[in-house]
Every structure is written in C-alpha cells, then in structure tokens.
Amino acid sequence: MPQRRRYRRSHVLALLTALPLAAASFAAQAADPAPAVVYSVGEKFDGSFNEAAFRGAERFKGETGIAYRDFVVTNEAQLEQAHRRFAQGGSDPIVGVGFLQTSAVTAVAKQFPKVRFTVIDTVVDLPNVRSVLFKEHEGSFLVGVAAALASKSGTIGFVGGMDIPLIRKFVCGYAQGARYAKPGTTVIQNMTGNTPAAWTDPGRGAELAKGQFERGVDVIYAAAGTTGLGVLQAAKDRGKLAIGVDSNQNGVHPGSVLTSMVKRVDLATYETFTAAKAGTWSAGVRVLGLKEGGVDWAVDQNNATLISDAIKAKVEQAKADIVSGKITVHDYMSSNSCPQ
C-alpha cells in the first residue's frame with residue numbers, strides 16, 4: 001500500500017448521548033461537522049474491525065449527505081501524523097479506531113483542544129476526547145456457548161491476533177461461555193504474535209487453525225483482524241466450523257462460519273458523528289455491552305442451518321441472563337486472569 005496519504009470523502013453521524021456533557025463550548029458546536037476516521041493498522045476492508053468503523057461512517061454519510069475523510073495507516077508511526085493532518089485541515093470530530101491510537105490521540109488532542117476526538121478500545125482522559133470501550137467478554141461468552149454446543153469433539157479453539165490483555169479478554173469470555181454450556185469443554189488457544197503485524201497475517205492464521213484441527217478442535221473463534229480470515233478459510237477447507245468477530249462474517253464462507261461476535265464499532269462511529277452534528281457530543285468514557293447493544297452474536301441466512309433451535313435457545317437465555325445480571329461474565333482485564 002502506498003505510503004502517501006490518501007483521503008476519501010464520505011459522510012457520517014454521531015450520538016453517544018449517554019455520556020456526561022463535557023465543556024459547554026462543545027455543546028455549542030452544533031453546525032455541520034467535518035468528520036474524519038483514522039483506521040487501525042491493516043486494511044479498511046478487512047471484513048472486521050476497520051470495516052465496521054467504515055460502515056458507521058457510511059451510514060452517517062447516507063443519512064446526512066455530510067462528507068467525511070478517512071485514512072488507513074500501514075504502521076504505527078503514521079497514526080499521529082494522520083490525526084494531526086486532519087486536525088490542521090479542519091476535521092472535527094476525528095475518530096481513532098483501536099488501542100494503538102492511545103498516544104497519537106493524546107498528543108494531538110492536547111495540541112488541538114477545540115477539536116473533538118473519539119478513540120475506540122482505549123481511554124484518553126482529556127476534556128476533548130470521548131473514549132468508547134466494549135464488553136467483548138460478554139459477546140464472546142455467547143459465541144462460546146454456541147461453539148460448545150456445536151462441537152462434536154468437545155474441544156474448541158481460539159486464534160487471537162496480537163497477544164494483549166484486550167484479546168485475552170475475548171478468549172476468557174469465550175471459555176466461560178463454553179464451559180457454562182458444556183462443563184469439561186477443552187479450549188485450545190493460540191496468539192498470532194506480539195506486534196501489530198499479528199493483525200495482518202492470514203497465512204499464519206490458517207497455519208494456527210490447521211494445527212488446532214489436528215489436535216481435535218472442530219470449532220475455532222478468531223479474534224485477529226485480517227489474520228482471522230485465514231482461520232475462516234482453513235475451517236472451510238477442512239470441513240470444520242469457525243466463528244467470526246467484530247463485523248458479521250457469517251457470509252464470508254456461508255455454511256462453515258457458525259456465527260460471529262459482533263462488536264458495534266460502526267455504532268460508536270455513527271453516534272460520534274451524529275452527536276457532533278446535533279450539538280450533544282461530550283467527552284468521557286462510554287462502555288457498550290450486551291445491554292447497550294454494543295456486542296452480540298449474529299444469526300442470519302448464512303448460518304441458519306448451523307444454529308439449531310437448541311443452540312439458539314441456550315444462547316438467547318444466556319444473553320438475557322447477562323443483561324439481567326443473573327450471569328456475570330468475568331472480565332480478564334479486571335484482574336489479568338481468567339477463572340478456570
């Protein structure tokens with residue numbers, strides 16, 4: 001991918017109205033926004049995390065006719081440059097997708113205190129920054145239930161991207177859900193690597209998946225960005241099942257993707273732009289779980305034949321119990337550990 005910056009015009013809305021209002025100066029900025037998106041390292045159309053943000057921006061564009069700019073970074077060093085270029089060019093608000101954006105957003109938001117920033121999957125404590133987090137462990141619990149019930153071997157797998165607490169949060173929720181549905185289920189897990197390159201290596205994802213299949217795994221959950229596409233392909237090739245992440249990936253290989261853990265990065269992006277237009281944008285931290293519609297599992301025409309009535313009933317009951325508080329899913333990041 002070329003190193004030069006390429007900006008694409010588009011439109012977007014934003015509304016995280018559940019956040020406390022920040023300074024009154026932001027409430028006064030109710031004129032049409034000039035939004036922008038800085039994607040995480042990888043590809044815009046990754047079928048997963050970045051593409052979800054793109055869909056949110058496109059939804060805003062389609063509803064308002066307001067153009068947005070966006071940029072895909074090829075390495076971490078470009079993140080701060082991208083945010084600064086957008087801020088200097090009058091973009092506001094600016095959405096940064098992914099935890100890798102923490103230092104970039106912190107630096108640029110301090111330099112441009114009148115520009116509104118939203119950062120996803122991390123917290124930046126500044127008066128002009130909104131931080132959006134997700135309860136990935138809750139959504140992962142649901143697909144863990146589905147995986148355990150669909151598995152014939154009693155051994156299921158997980159392939160993560162970069163080995164960080166956030167991804168361990170996914171696998172911890174997944175394992176809890178699996179053992180809730182079928183005590184004694186074995187969960188085999190692999191992380192792809194320790195650098196951002198772990199998100200963009202589908203060949204390595206396929207290799208890890210094949211290794212797990214050889215160990216008796218028959219369902220694998222991939223939380224690895226573009227790397228996960230290799231996992232989904234390997235499952236199709238081996239006649240096994242995979243579980244997608246972030247975006248609904250059921251249609252990537254219909255009939256071999258059991259379900260997807262949907263993480264509404266699109267909603268976070270859309271709501272940010274909507275709130276900026278409405279004059280209701282506010283700084284602070286917003287946490288989106290099952291109750292808030294921030295995470296879920298996906299059932300559609302592409303996986304309908306794989307989801308039996310019994311699986312659907314068990315997953316939906318678990319979902320209702322999590323929302324009501326009857327089930328509490330342990331968050332790995334709260335203790336850097338996962339119950340066995």
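**Notes on the sheet and the cavity**

1. The model has an open sheet of 6 strands in the order S2-S1-S3-S4-S5-S11, with parallel pairing, where strands are DSSP runs (E, at least two residues) numbered from the N terminus and two strands pair if DSSP finds at least two bridges between them. Strand S2 (69-71) and strand S11 (284-288) stand at the edges with a single partner strand each, so one side of each has no neighbour in the sheet.

2. This is a predicted model, in which local features need pLDDT of at least 70 and side-chain atom pairs count only at pLDDT 80 or more, while totals for chains, interfaces and linings use all residues. Residues are numbered from 1 along each chain as its sequence is written, and side-chain values use heavy atoms, with hydrogens and water left out.

3. Strand S1 (residues 36-38) pairs with S2 in the parallel sense over 3 bridges, and Ala-36 has Arg-69 of S2 as its bridge partner.

4. The structure holds 1 cavity of 30 Å³ or more, a cavity being a set of points on a 1 Å grid over the protein atoms alone where a 1.4 Å probe fits but cannot get out, with lining residues having an atom within 4 Å of a point. The largest cavity contains about 280 Å³ of space, the volume being that filled by probe spheres set on the points, which are joined across faces, edges and corners.

5. Of the 23 residues lining the largest cavity, Ser-40, Phe-49, Trp-199, Gly-225 and Asp-246 are the closest to its centre.

Conventions. Helix = DSSP H or I, 4+ residues; strand = E, 2+ residues; numbered from the N terminus. 1 Å grid on protein atoms, 1.4 Å probe; cavity = no way out; pocket = protein on both sides within 12 Å on 5 of 7 lines; lining within 4 Å.
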